[in-house]
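The plan is to look things up one at a time and jot down what I find.

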Amino acid sequence: MPSKGGMRAGLGGNCEMDSDLAAFMALLTTGIYVLTVADGQHHHGMSSSWVTQVSGEPPLLMAAVDREHFSANVIARTGVFGLNLVGHRSRHLEDYFLSPASRRPDNLQQMRYEMSPRLNVPWLKEAAASVEARVVDCVAAGDHHLLIASPVGTRINEADRPLTSLDLDYVYLGGKTVIRRDRSGWQA
Ligand SMILES: Cc1cc2nc3c(=O)[nH]c(=O)nc-3n(C[C@H](O)[C@H](O)[C@H](O)COP(=O)(O)O)c2cc1C
């Protein structure tokens, strides 16, 4: 993706992007996170890349989550989530959440994690840093919800260079699948 032949990136549902737009979207650099939720004793995580700071005072974060995701439903009930920053040394976290093995309830069972001190959301021990955040506003944006959230607690682990979307061989553009990253023409 995108091929010179004008391949379209199928995004699931009724949505399709033409190849130039998909190419542009794929060039937007983001961090790579594991967004975590807790519903009673059920603890769950998903790969998340559409995340950014959106206010300085008060400090606010935004995570865009597909309305159909299991995690979105949990957040709608609980109003809280965790964000775990994936670094180069913890890249295996992203590998796991991409894999079919993670497509099940309670998909943190093989992970080392603890519950965050104030909001009781999972903090992955191998993440470079983690935050617990309370949703203060939710804006519908197409098939995603923009969850604007106040960070109430943070844990910084061992220093590590954050993984970014450009480090992965695939990119999330919405929908159910990721698409292959085209690095042709990039200098090493
Ligand atoms: C690198 C990467 C980044 C992703 N970023 C997001 C994102 O920002 N928002 C989102 O809703 N889904 C994103 N996804 C897709 C979800 O992680 C994936 O659909 C997951 O299975 C949803 O989990 P759940 O339905 O169990 O909550 C991303 C996937 C990958 C591989």
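A sorting rule before anything else: I count Ala, Val, Leu, Ile, Met, Phe, Trp, Tyr, Cys and Pro as nonpolar, Asp, Glu, Lys and Arg as charged, and the others, Gly among them, as polar. Sorted that way, the shell around the ligand has 10 nonpolar, 6 polar and 1 charged residues.

Two housekeeping notes. This is a predicted model, where local features need pLDDT of at least 70, side-chain atom pairs count only at pLDDT 80 or more, and totals for chains, interfaces and linings use all residues. Residues are numbered from 1 along each chain as its sequence is written.

**Entry: the ligand**

I looked up who surrounds the ligand and got 17 residues, with M46, S47, W50, S71 and Y172 the closest. A residue is near a molecule if its C-beta atom, placed from the backbone, lies within 6 Å of it. At least two shell residues come from each of β4 (42–48), β6 (60–66) and α2 (70–78). Those labels are DSSP runs numbered from the N terminus: helices are H or I with at least four residues, strands are E with at least two.

**Entry: the domains**

I found two domains, with bounds from an automatic or database domain assignment: domain 1 is 1–29 + 165–182, and domain 2 is 32–163. Where does the ligand sit relative to domain 1 and domain 2? Both domains give residues to the shell, so the ligand lies between them. Their C-alpha centres are 23 Å apart. I also checked contacts, meaning C-beta atoms, placed from the backbone, within 7 Å: 7 residues of domain 1 touch 4 residues of domain 2. The domain 1 side of that meeting splits into 3 nonpolar, 3 polar and 1 charged.

**Entry: the cores**

For burial I count other C-beta atoms within 10 Å of a residue's own, all placed from the backbone: 20 or more is buried, 12 or fewer is exposed, and in between is partly exposed. A nonpolar core is a set of buried Ala, Val, Leu, Ile, Met, Phe, Trp, Tyr and Cys residues joined through C-beta atoms within 7 Å. The largest one has 34 residues, and Y33, V34, L35, A63, F81, L83 and V86 have the most contacts inside it. β3 gives the most to this core, with 5 residues. I followed L35 and found that it touches G45, M46, S48, A63, V65, S71, F81 and L83, leaving out residues up to four places away in sequence. There is also a second, separate core of 7 residues, including M17, A22, V171 and L173.

**Entry: the strands**

How much of β3 is buried? I get 6 of its 7 residues. Strands pair here if DSSP finds at least two bridges between them. β3 runs antiparallel to β4, joined by 7 bridges, and V37 stands opposite H44. The two make a hairpin with 2 residues between them, and G40 in the turn has a positive phi of about 60°. β3 is also antiparallel to β7, with 4 bridges, and T36 has G82 as its bridge partner there.

Next I checked β5 (residues 51–55), which pairs with β6 in the antiparallel sense over 4 bridges. T52 of β5 is partnered with M62 in β6, and a hairpin of 4 residues joins these strands.

**Entry: a loop residue**

Is Q110 buried or exposed? Q110 is exposed because 8 other C-beta atoms lie within 10 Å. Q110 sits in the loop between α3 and β8 (113–115). From Q110 to V34 I noted 76 residues in sequence and 15 Å in space, C-alpha to C-alpha.

Notes
Two residues are in contact if their C-beta atoms, placed from the backbone, lie within 7 Å.
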